[in-house]
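The following note sets out points for a colleague who is examining this model. Please read them alongside the sequence and the coordinates.

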Amino acid sequence: MNARLTGDETALWQAAARVLDAGWTGTATAPSPGLYPHQWGWDAVFTSVGLARHRPGRAERELTSLFAGQWADGMLPHLVFDAVHPRHAYFPGPALWRSDRQPRAPRVATSGLTPPPLHAVAALRLHTAARDTDRTRAFLAHLYPALAAQHDYLARDRDLDGSGLVAICHPWESGQDNSPVWDRPLGALEPPRAAYAARRPPRTPPTGEDYDRYHWLARLHRDAGYAPGHLRDDHPFAVQDPLVNSAYLASAHALAEIARIVGADPVPHRERAARVHDALLDRLWDAGTGCFRAHDLRGGRHLPVVTIGAFAPLLAPDLPAPVLRCLGDLLLSSRFAGAAGYPVPTCDIQAPAFDRTAYWRGPAWVNLNWLLWTGARAHGLAVIADLLYGSTLRLVRQSGFREFFDPFDGTGRGSHDYAASAALVLDLLASRRAFRAA
Ligand code: GLC
């Protein structure tokens, strides 16, 4: 870090820090205090990365609070409910998941789904961003067994076809809830008619019918006791997603490094990473379109829509040069960043499903931009990294720390004061400039 924040950057820094402080519940950060009052497993990755730059003690607490929700089989839930809120404060709440009736679940109420597993990456960043590395080394030693259990769970219970890749059993496990990638496997479901379609008038996606399907899938998983055998043999939604598997791969590398730091054996994590790397290239790389595509295990084919998840393997080290070139070309093309004033759109602009305003079907998100920026930097793709850095800061300067943004004109959408957006701006600023921690 060779330069101080400028005046404009200082103001941005302070505004982002205020959002994180306001979202702090005492043990974790609410993604958006009004709309999302509990702790989300995917958001906790991003908020801890930002908190590491601002309030490192809270960054550790964020992750330990999340792992207090881990199940005895290693499953890390995508949602840990904060008991101070009434049970209906967020729909769907604990009543859908009924974790209190599961012998493997902890005392705190959680969901029964698991988020993209980026947690080892976040934990390692807490250490690499730290000034007091003795303290963060102790933190890593404390968290290491839980991270290893999370990965063991994924390898044991989510590698449904023995390929090395993990499968998601619900769109909410992807972080990209309403992405058009899921349209085909969701459309193939036949849920009983009922429930939410009538009660939730469809304005923008997710519509009432989407909710019928989401809810039904969650209930199937729950009613099977969240059993791995059900997921393997019967559950109707099973998709190997490039973003989720890239998160898993990047975290397996991070876990090997954490193991080395804390004096454990890194070899099993390296071996797992090598296996996932090979499977990602074998199974999810589509040479025809020149990008990674999700693979539907039930339909037995790649899913057709190309979305921002296609670029997530940038998080993987050691990508072959031709693959890297194809990804860079597509990202900069008029299907993605090349035709958007405020990249990166979450869906191929030329796809029929693209919608500049609808949740995960076109708008840009700070968290996805940040993930691609991280990967582009690591691969030395300076043009792409600079584009992502600049466009992300432009989005929040123009529209504030919104949940997502119109990729053509930068209009902010979704919730205000979204913690993940604020947190990652702190990380972006701190990556280039010296800053004064609070
Ligand atoms: C929405 C987003 C998901 C996020 C959650 C909480 O469900 O799709 O990515 O984790 O909100 O912020």
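1. The lining of the second largest pocket comprises 12 nonpolar, 5 polar and 1 charged residues. The model is a predicted one, and the volumes and distances in this note are computed from it. The space in this pocket amounts to about 360 Å³. Its lining counts 18 residues, of which Val121, Ala250, Leu315, Thr374 and Ala378 lie closest to the centre.

2. Which elements give two or more residues to the lining of the second largest pocket? They are α5 (119-128), α11 (242-262) and α14 (366-378). The largest contribution comes from α14, with 5 residues.

3. The residues surrounding the ligand are Pro31, Tyr36, Trp40, Trp42, Asp43, Gly175, Asp177, Tyr359, Trp360 and Tyr418. By class, this shell divides into 7 nonpolar, 1 polar and 2 charged residues.

4. In Trp360, a side-chain N or O atom is 2.8 Å from an oxygen atom of the ligand. For Tyr359, the distance from a polar side-chain atom to a ligand oxygen is 2.9 Å. For Tyr36, the corresponding distance is 3.4 Å. On its own the ligand has 310 Å² of accessible area, and the protein covers 96% of that area.

5. How many cavities of 30 Å³ or more does the count give? The count comes to 3. The volume of the largest cavity is about 90 Å³. Its lining has 15 residues, and those closest to the centre are Val181, Pro242, Ala294, Thr307 and Ala310. Sorted by class, the lining of the largest cavity has 9 nonpolar, 4 polar and 2 charged residues.

6. The second largest cavity holds about 70 Å³ of space. Its lining consists of Trp71, Asp73, Met75, Arg104, Gly112, Tyr153, Asp157, His221, Tyr226, Ala227, Pro228 and Leu231. Two or more residues of this lining come from each of α6 (133-158) and α10 (228-233). The division by class is 7 nonpolar, 2 polar and 3 charged.

7. Although Tyr226 is not a glycine, its phi is positive, at about 55°. This residue sits in the loop between α9 (208-223) and α10, and Tyr226 is also one of the residues that line the second largest cavity.

8. One runs from Phe91 to Pro92, with omega near -5°. Pro92 belongs to the loop between β2 (79-80) and α4 (94-97). Another cis bond joins Pro343 and Val344, where omega is about 10°. Val344 is placed in the loop between α13 (321-332) and α14.

9. The overall dimensions conclude the note. The protein chain has 16 helices and 9 strands in its secondary structure. Along the principal axes, its C-alpha atoms fill a box of roughly 60 × 45 × 45 Å. The radius of gyration of the protein chain is 20 Å, which agrees with a compact globule because such a globule of 438 residues would have a value near 22 Å.

Key:
Residues numbered from 1 in each chain as written. Predicted model: local features only at pLDDT ≥ 70, side-chain atom pairs only at ≥ 80, totals over all residues. Heavy atoms only, no water. Near = heavy atom within 4 Å. Polar contact = N/O pair within 3.5 Å; in protein donor to acceptor, adjacent residues only side chain to side chain. Areas by Shrake-Rupley, 256 points an atom, 1.4 Å probe, with all protein chains shown as cover. Nonpolar A, V, L, I, M, F, W, Y, C, P; charged D, E, K, R; others polar. 1 Å grid on protein atoms, 1.4 Å probe; cavity = no way out; pocket = protein on both sides within 12 Å on 5 of 7 lines; lining within 4 Å. Points joined across faces, edges and corners; volume = space filled by probe spheres on them. Helix = DSSP H or I, 4+ residues; strand = E, 2+ residues; numbered from the N terminus. Rg over C-alpha atoms; globule rule 2.2 N^0.38 Å.
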